[in-house]
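Q: I've got a new model open and I'd like to learn how to read it. Can you walk me through it, one feature at a time?

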Number of protein chains: 2
Amino acid sequence: MIRRLAIIGVGLIGGSFALALRRAGAVGEVVGCGRGRANLQRACELGILDRFTQDPAAAVWGADLVLLAVPLGAMRENLAAIAPHLAPDAVVTDGGSVKGSVVADLLALFGAAPAWFVPGHPIAGTERSGADAALADLYDGRCVILTPLAETDAAALARVREAWSRCGAEVCEMSVAHHDEVLAATSHLPHLLAFGLVDSLARMQQEAEIFRYAAGGFRDFTRIASSNPTMWRDICIANRAALERVLDRFADELAELRDAVHRGDGERLLGIFSRAKDARDRYVEGRSS
Amino acid sequence: MIRRLAIIGVGLIGGSFALALRRAGAVGEVVGCGRGRANLQRACELGILDRFTQDPAAAVWGADLVLLAVPLGAMRENLAAIAPHLAPDAVVTDGGSVKGSVVADLLALFGAAPAWFVPGHPIAGTERSGADAALADLYDGRCVILTPLAETDAAALARVREAWSRCGAEVCEMSVAHHDEVLAATSHLPHLLAFGLVDSLARMQQEAEIFRYAAGGFRDFTRIASSNPTMWRDICIANRAALERVLDRFADELAELRDAVHRGDGERLLGIFSRAKDARDRYVEGRSS
């Protein structure tokens, strides 16, 4: 049971965490903090928050669990703001899509990773944002990856794990580096490709007409290009080393496809398409989440 | 009113055409033809067909409208098989995703485009295939592009236009070359990218684990990679000239993104992401279809 939860950044991720914990009866009071006053007021109306403040130091006062659900570019300043004001038993976790940069923020601020911080990342989300996008069932059956460090307190880790489990999520652990590699491949690269494709078409002449003839497949394929550009800029910069590696791998794949198209090599295309369909049907479509 | 409709290739496109015309009360008898006997029997059970044959020549006997809904690679042989057996008033149209290759088939077979053939392409579909995937409302509000040639009979064009309108579709006309350019950008390239991305991840070590951490955005982004590989091989080969041009344009975009990631140039990434989000929100998300 969480006595008082502080959510720094009350958007899709933070708001859904509060709603899911409330649904489970696992939280007492929820205090929110963020930059947009209207969004915080809306979060109170939606039952996500009991109260809010725009001062991070005040928000964490007396909280036993703190979730940092702010853009990666705002992690460091928020960590610096809350650290001196945490309760002695407080555990802090985050929802950042890149873990290496959060750990770098910890090291820069504190010299070493504090025992009370558990780096985390729920693998869930939509292209929408803000408190209005929050859903009590967002995490049902979804993976939440925790990337504890050698310095992380075992009891702190257990408390964060328990909170995500109560949200309906499946919790797993891996190293910071492995997390950032996997997410570069399955999330950051696809977002880059979707943004890149839409931008490439938007640069064409008669762009309105081009998009007019896009079917449902195009809408699905490019849905993630409606995501928040600032958040994704932060993610791409924060995970640039791993992202570069998967980008290079994909550029090789694209060159192979282009060569096969150029040569009219149907067998090579069929081989690639069949492997891809098999992999997707096996690993992605059949999954429950 | 269509007296007798012949559907050559009773899958998602052909089956949905028949169901939509039946829904509108716009068709008398529907005769199907295809290679898979079980699929044709299933199409009869589903009320798509009244009867079937596996002989294209017999299928078109006495039909006043014929839809060729076979893979692009099978267009020529089917055109050759049906042409000598068409009724004097028969109009033939097709649902091929590339129009240049269908016109090339016509020229190769007949020396010139026959007056009775109206090249067409419904911009609709899902990653599923076969008669079981057919839907009476697949074409509701969707664009159907007709690409009539100088030789095309005006009355034949009017009959095909009317049939698609009765299916609930919005019919428009453009040139063969323009169709193939637009579809290369909005459909063929996205499919190539989705197949390429999934294949690229499937080649990584620990592929099962990689896919395990893919979220809903990845599932949407790669849905089209579950499409029929043979059909998409045919499309990419049939439209290779236009596809190469958009592939090159996209490769330039990708190189720009990679350079921005490499340099940590957040402003450039934000510019690209913002333009893409604006274009998608404006042109794609708001559309009714």
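Q: Let's begin with a single side chain. Is A:Phe52 buried, partly exposed or exposed?
A: Keep in mind that this is a predicted model. Buried means under 20% relative accessible area and exposed means over 50%, with partly exposed in between. A:Phe52 has a relative accessible area of 23%, so A:Phe52 counts as partly exposed.

Q: Where does A:Phe52 sit, and which residues is A:Phe52 in contact with?
A: Look in strand S3 of chain A, residues 51–53. Setting aside neighbours within four places in sequence, the contacts of A:Phe52 are A:Gly32, A:Arg37, A:Leu40, A:Gln41 and A:Cys44. Take A:Leu40, one of these contacts: A:Leu40 and A:Phe52 are 12 residues apart along the chain, and their C-alpha atoms are separated by 6.6 Å.

Q: Now for another residue. Is A:Ser200 buried or exposed?
A: The cut-off for buried is under 20%. A:Ser200 has a relative accessible area of 2%, so A:Ser200 is buried. You'll find A:Ser200 in helix H7 of chain A.

Q: Which residues is A:Ser200 in contact with, leaving aside its neighbours within four places in sequence?
A: Here you need to look at chain B: the contacts are B:Arg249, B:Phe250 and B:Glu253.

Q: How do I read a helix, say H11(A)?
A: Start with its length and span. Helix H11 of chain A runs over residues 240–263, which is 24 residues, and reaches 34 Å from its first C-alpha to its last, close to the 34 Å expected at 1.5 Å a residue. Just after H11(A), A:Gly264 takes a positive phi of about 65 degrees.

Q: What do the buried residues of H11(A) pack against?
A: The buried residues include A:Leu243, A:Leu247, A:Phe250 and A:Leu254, and A:Glu244 and A:Glu253 are also among them. In chain A, the buried residues of H11(A) pack against helices H7, H10 and H12. In chain B, their partners are helices H7, H10 and H11.

Q: Let's zoom out. How many helices and strands are there in chain A?
A: Chain A has 12 helices and 9 strands. The radius of gyration is 21 Å, close to the 19 Å that the globule rule gives for 289 residues, so chain A is as compact as a globular protein of that length. Along its principal axes, the C-alpha trace spans about 65 × 40 × 35 Å.

Q: And how much of chain A counts as buried?
A: Of its 289 residues, 58% do. The accessible surface of chain A comes to about 10,600 Å², with 51% belonging to carbon and sulfur atoms.

Technical notes
Residues are numbered from 1 along each chain as its sequence is written. Chains are lettered from A and ligands numbered from 1 in the order in which they are written. This is a predicted model: local features need pLDDT of at least 70, side-chain atom pairs count only at pLDDT 80 or more; totals for chains, interfaces and linings use all residues. Side-chain values use heavy atoms; hydrogens and water are left out. Helices (H or I, at least four residues) and strands (E, at least two) are DSSP runs, numbered from the N terminus. The radius of gyration is taken over C-alpha atoms; the globule rule is 2.2 Å times the number of residues to the power 0.38. Buried means under 20% relative accessible area, exposed over 50%, partly exposed in between (1.4 Å probe, protein chains only). Accessible areas come from the Shrake-Rupley method with a 1.4 Å probe; for residues, only the protein chains shown count as cover. The expected span of a helix is 1.5 Å times one less than its number of residues. Contact means heavy atoms within 4.5 Å.
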